[in-house]
Every structure is written in C-alpha cells, then in structure tokens.
Amino acid sequence: MAVKQISIFVENKEGRIKKAIDTLGKSDINIRALSIADTTKYGILRLIVSDNEKAIEALEKDGFIVKENEVIILAVPDEPNGLNTTLAVFDEKGINLEYLYAFVSSKTDEAIVVMRLENMEKAIDALKESNVKILDSDDIKDL
C-alpha cells in the first residue's frame with residue numbers, strides 16, 4: 001500500500017522553490033503534502049501531489065530534476081505519544097526509518113504521516129500486523 005511521492009532537486013537560490021510551486025500551479029496540480037530538506041547548495045522538495053505524471057512532465061519541461069519513489073502514508077492518533085507508538089513497530093522489527101513528514105486535515109482527527117523506510121515491504125507487513133491505519137492514494141484525495 002505504498003504511495004508514489006515526487007522529489008524535486010532545487011538549487012538553494014532565491015525563488016527556486018517558488019518556481020517549482022508555480023510550475024505545479026500552472027499545471028493545475030494540487031499539493032497534498034510537502035517537505036523540504038536543504039543543504040548549502042541544494043534542497044530536496046518532497047511532495048505528494050494530485051497527479052504525479054503530469055507534475056513530473058511539467059517540472060522536467062521547466063528544467064527541474066524530478067524523481068519518483070514510494071512512501072507509506074499512515075493515519076496516527078493526533079495525541080501525545082501517537083506517533084511514538086507507531087514508531088515502536090519499526091523498532092521492534094529492526095526497520096530503519098529514513099525520513100518522515102506530517103500534516104493534519106480538518107476532515108479527520110488523526111495526524112497524517114508520510115514515511116520512507118529502508119525496507120518498505122517489511123514495514124508494510126509490520127504495520128498491518130500491528131493494525132496501523134495505512135492510507136492509499138484515494139484516501140489522500142479525500143483529505
């Protein structure tokens with residue numbers, strides 16, 4: 001139940017993130033979630049969007065380097081220790097968490113967490129065993 005995420009490599013220069021976002025807006029792409037990680041020279045803008053194919057095409061046409069990879073999106077209790085309970089599932093199974101970012105929606109009382117893990121299949125199996133709520137692309141569209 002992995003979901004495709006796009007990663008845009010952007011120079012760490014004034015206006016580059018805005019240009020990427022403008023490109024998506026002009027292509028009528030809705031951003032559902034985003035995260036930015038930066039270094040002195042470059043950043044990685046990670047996005048869950050309404051149409052990956054269309055977004056990649058528009059961004060590449062505008063000169064951006066774009067990659068697509070899989071992430072897991074979970075609904076976790078939006079309360080103290082809600083995320084930690086979920087992270088414990090990975091600790092118990094020895095699964096390395098590479099990164100995560102989160103958002104909330106007015107349509108649910110849960111926090112939505114996007115995760116990239118070292119072993120995605122093993123992580124999905126562990127989450128299912130622990131009855132953690134895994135979301136798919138259709139669930140995200142409804143948020």
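What covers the buried residues of α4? In this predicted model, where local features require pLDDT of at least 70, side-chain atom pairs count only at pLDDT 80 or more and totals for chains, interfaces and linings use all residues, the cover of helix α4 includes β4 (65-77), α3 (82-93), β6 (110-117) and β7 (133-135). Residues are numbered from 1 along each chain as its sequence is written, and side-chain values use heavy atoms, with hydrogens and water left out. Helices (H or I, at least four residues) and strands (E, at least two) are DSSP runs numbered from the N terminus.

Helix α4 spans residues 120-129, and its buried residues (under 20% relative accessible area, with exposed meaning over 50% and partly exposed in between, for a 1.4 Å probe and protein chains only) are M120, A123, I124, A126 and L127. Viewed down the axis of α4, these residues fall within an arc of 165° and therefore line one face of the helix, the arc being that of the directions from the helix axis to the C-beta atoms. E121 and E129, on the other side of α4, are exposed. An α-helix has 3.6 residues a turn, so residues three or four places apart point the same way. At the N-terminal end, α4 is capped by N119, of which a side-chain oxygen lies 3.4 Å from the backbone nitrogen of E121, while N131, just after the helix, takes a positive phi of about 60°.

Helix α3 has G82, T86, V89 and F90 as its buried residues. These residues cover an arc of only 90° around the axis, which puts them on the same side of α3, whereas T85, D91 and E92 are exposed on the other side. The cover of the buried residues of α3 includes β4, β6 and α4, and the helix is followed by G94, whose phi is positive, near 70°.

When neighbours within four places in sequence are left aside, L127 is in contact (heavy atoms within 4.5 Å) with I72, L74, T86, V89, F90, V132 and I134.

Elsewhere, strand β3 (residues 42-49) has 6 of its 8 residues buried, so it is largely enclosed by the rest of the structure. Strand β3 pairs with strand β1 (residues 3-11) in the antiparallel sense over 6 bridges, where pairing requires that DSSP finds at least two bridges between two strands. Strand β2 (residues 31-38) also runs antiparallel to β3, to which 7 bridges join it, and the two form a hairpin with 3 residues between them. Within β3, L45 is the bridge partner of I36, and R46 is that of S7. S7, which lies in strand β1, is buried with a relative accessible area of 6%; apart from neighbours within four places in sequence, S7 is in contact with I44, L45, R46, I65, V66, K67 and N69.

Technical notes. A polar contact is a pair of N or O atoms within 3.5 Å; within protein, one must be able to donate a hydrogen and the other to accept it, and residues adjacent in sequence count only if both atoms are side-chain atoms.
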